Amino acid sequence: MDASEVLRIVDTIHRDKNIDKEILFESIEAGILSAAKKHYGDEAEIVVTIDRKSGVITGMCNGVPLSPSEINERIGAQTAKQVMIQKIREAERDTLFEEYEQLRGQLVNGVIQRYDGGTATVSLGNVEAILPRGEQIPGESHHVNERIRATVYEVRKSGSRIKVILSRATTHLVQRLFEQEIPEVAEGVIEIRAISREPGYRTKVAVSSVDPRVDCVGACVGVRGNRIKNITDELAGERIDIVRWNDDMNVFIPNALQPAECEETILCRMLGKAIVLVKEDQLSLAIGRRGQNVRLASKLAGWDIEIMTRDELDEEIDRAVQGFASIEGVEPELAERLVGEGFLTYDELSTIEPDVLMEMGGLSEEQVQSIVEQAEAKAEEAEKQAAMQRRQQRELERQEAANQQGAESDAAPASEAGDEAGEPADGSTAGAATDSPNSAEA
């Protein structure tokens, strides 16, 4: 391998593969060194260098210079070539790894090459990435040759290649789409302060504006909702709530729970919990379907949120004061102070910091330990009772379902008999079926 060929190879690979020239020179040196070790033995002290400007290869073996013919002919060229190829592949892998590692959380565009078993293989140009089923938006489907946008979720080395995992289920995708569709977000005039998301169903985005003349919520929605509609369409119809950020949690938490209207917010800072009071007709709206609204609001605010009516809170307070006062060593005044700080259950009391309880009640370390142990025991007992009640409720629901099926099966033959006799379906025969014992039980 002459000097001009070395420079040509390095320059070509550098341009085609975007691999640093220094890495390529080191790979060639490593290849020649490996081949020389096999020729002269592992005990030999061999040094191989390549002049970065001229491409001339020089070598030393046990302090004796190696001639160009020894380097090019006597040292195994095939072995050197294999090592160089391996090193270059590793360098290419490392370059791609660094490139996509920097893109972690960023938006990339690709084309689906294969879609098998729910997993999509996506071509990103210089690498094939994987979009697993678990990182797709629930309910959406894909097809071959479809253009797709996703964020880089994970990058890892796999042999001589890299494995890029994409995602359409993270909050990063929502943020990048906001940056693309809303110029004020891309320019930094509007800042996304927090995002909570349940992919395919609902997302809450908290925004604020550094310019008081710019309405952060209105700018994100756009004229007639065109901006937010583009994002919603990209997310397969996922609902997006845009929430106005406020540093005061007494203001922000009710904002996060919209569209529900809140009466009052009580912050329990020791527990990182917020109790939000709503009217009876707002209770289900604040909680949301299967608890989705309050769950997303909790993630958005970073506080555990409990939704209650005022009557429910009063009942919880009375129950907690009586329960805490029944613990040996807890005076009624201390029980009221604990409830005032937001402790409403034995489980919450069992997690209190001993120093805090000692200061609140003027207690000794031994007394605090005894109170915490009693609270833990009562919490376990309450959990067992709750589990038993849940089992009984499930058994009752199953029994009611079985009774209802029995009533329907008893009613069907009677109705058919009435039809055969020429009687109307709602006549005396149907009435007799309704009065049957099984129907009455249902």
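In this predicted model, the buried residues of helix α8 pack against α5 (171-181), α7 and β11 (239-244). The residues in question are Ile-228, Ile-231 and Thr-232, within a helix that covers residues 226-234. Viewed down the axis of α8, these buried residues fall within an arc of 100°, and they therefore line one face of the helix.

Thr-232 deserves a separate look. This residue belongs to helix α8 and has a relative accessibility of 18%, so it counts as buried, the cut-off being under 20%. Leaving aside residues up to four places away in sequence, Thr-232 touches Gly-237, Glu-238 and Ile-240. Just after α8, Ala-236 adopts a positive phi of about 60°.

Asp-211 is placed in the loop between β10 (202-209) and α7 (216-221). Asp-211 has a relative accessible area of 18% and is therefore buried. Its C-alpha atom is separated by 9.9 Å from that of Gly-188, a residue 23 positions apart from Asp-211 along the chain.

The cysteines can be considered next. The structure holds zero disulfides. Cys-220 accordingly takes part in none, and the nearest cysteine sulfur, which belongs to Cys-216, is 6.7 Å away. Cys-220 is buried, because its relative accessible area is 0%. Cys-268 likewise counts as buried, with a relative accessibility of 3%.

How many aromatic pairs does the structure hold? There are two. In one of them, the ring centres of Trp-245 and Phe-252 are 4.6 Å apart and the ring planes meet at 50°, so the pair is tilted. Phe-252 counts as buried because its relative accessibility is 0%.

The other pair is formed by Phe-324 and Tyr-346, whose ring centres lie 6.1 Å apart with planes at 65°, so this pair is edge-to-face. Phe-324 lies in helix α12 (residues 310-325) and Tyr-346 in helix α14 (residues 346-349), and the pair therefore ties together parts that are 22 residues apart in sequence. Are the two partners buried or partly exposed? Phe-324 counts as buried, at 1% relative accessibility, whereas Tyr-346 is partly exposed, with a relative accessible area of 23%.

A further ring is involved in an arrangement with a charged group. The charged end of Lys-157 sits over the ring of Phe-97, at 5.1 Å from the ring centre.

These local features can now be set within the whole. The protein has 18 helices and 14 strands. Of its 442 residues, 39% are buried. Among the contacts with a separation of 6 or more, 56% are between residues 24 or more positions apart. The protein exposes about 25,200 Å², of which carbon and sulfur atoms supply 46%.

Definitions and conventions
Residues numbered from 1 in each chain as written. Predicted model: local features only at pLDDT ≥ 70, side-chain atom pairs only at ≥ 80, totals over all residues. Heavy atoms only, no water. Helix = DSSP H or I, 4+ residues; strand = E, 2+ residues; numbered from the N terminus. Buried < 20%, exposed > 50% of the residue type's maximum accessible area, 1.4 Å probe, protein only. Arc of directions from axis to C-beta. Contact = heavy atoms within 4.5 Å. Phe/Tyr/Trp six-rings, centres within 6.5 Å; stacked < 30°, edge-to-face > 60°. Lys NZ or Arg CZ within 6 Å of the ring centre and 35° of its normal. Areas by Shrake-Rupley, 256 points an atom, 1.4 Å probe, with all protein chains shown as cover. Disulfide = S-S within 2.5 Å.
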